Amino acid sequence: MMQSNYLFVYGSLLSGFRNPAYEYITRYFEFIGPATANGTLYDLGDYPAAMPDESGRKIIGELYKIRNDHQLSYAIAQLDGYEGLSPEAGEMSDYKRALSSISCNNEQFKAWVYWFSHDIAHYPVIASGDVLEYLRSKGHF
């Protein structure tokens with residue numbers, strides 16, 4: 001199975017959100033820089049969700065690299081828990097973690113991304129691909 005020491009975040013795990021789960025990011029990962037992924041960002045109301053696609057849209061986010069390789073599985077497990085990747089019996093996880101191509105500083109990286117796992121085509125698209133800019137424009141930040 002392919003592995004990566006990189007993580008791409010685009011929603012509540014962004015540094016600008018100051019979400020308590022961001023502590024896992026700062027503890028285990030080093031900030032590489034602003035980054036983009038191919039896909040569409042949607043407004044689900046309480047939080048954003050993204051789907052990979054070839055629409056030509058970009059999702060604006062941040063790229064991180066694990067500080068210590070031997071801590072990757074632990075750090076990812078914590079984030080999997082935060083993203084609900086181990087739902088109760090009979091429930092389906094809202095997210096799936098997958099390796100995806102990420103652009104950062106004019107380079108390509110393979111990074112873990114938490115993609116939404118349900119049909120979200122009926123939700124509003126965040127056209128800018130930038131959730132923080134979108135929330136500021138709505139007066140939430």
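Reader: To begin with strand 1 (residues 6–9), which residues point one way and which the other, and are they buried or exposed?

Author: Happy to! Please keep in mind that this is a predicted model. In strand 1, Tyr6 and Phe8 point one way, Leu7 and Val9 point the other way, and all are buried. Strand 1 pairs with strand 5 (residues 58–66) in the antiparallel sense, over four bridges. Within that pairing, Val9 has Glu62 of strand 5 as its bridge partner.

Now to the charged pairs. Side chains of opposite charge can pair when their charged atoms come close. The whole structure holds three salt bridges.

One of them joins Asp43 and Lys138, at 3.5 Å from N to O. Asp43 lies in strand 3 and Lys138 in the segment after helix 3 (131–137), so this pair ties together parts that are 95 residues apart in sequence. Leaving aside neighbours within four places in sequence, the residues in contact with Asp43 are Tyr123, Pro124, Ile126, Tyr134 and Lys138.

Another salt bridge links the side chains of Asp80 and Arg97, with 2.8 Å from N to O. Here Asp80 belongs to helix 2 (residues 72–82) and Arg97 to strand 6, so the pair ties together parts that are 17 residues apart in sequence. Asp80 counts as buried at 14% relative accessibility, and Arg97 as partly exposed at 26%.

Then there is Glu23 with Arg27, whose closest N and O atoms are 2.2 Å apart. Both sit in helix 1 (residues 22–28), and because they are four residues apart, about one helical turn separates them. Glu23 is partly exposed, with a relative accessible area of 45%, and Arg27 is partly exposed as well, at 42% relative accessibility.

Asn105 has a positive phi of about 50°, although it is not a glycine. Asn106 is found in the loop between strand 6 and strand 7 too, and its phi is near 60°, again a positive value in a residue other than glycine. At 86% relative accessibility, Asn106 counts as exposed.

Definitions and conventions:
Residues numbered from 1 in each chain as written. Predicted model: local features only at pLDDT ≥ 70, side-chain atom pairs only at ≥ 80, totals over all residues. Heavy atoms only, no water. Buried < 20%, exposed > 50% of the residue type's maximum accessible area, 1.4 Å probe, protein only. Helix = DSSP H or I, 4+ residues; strand = E, 2+ residues; numbered from the N terminus. Pairing = 2+ DSSP bridges. Contact = heavy atoms within 4.5 Å. Salt bridge = Lys/Arg side-chain N within 4 Å of Asp/Glu carboxyl O.
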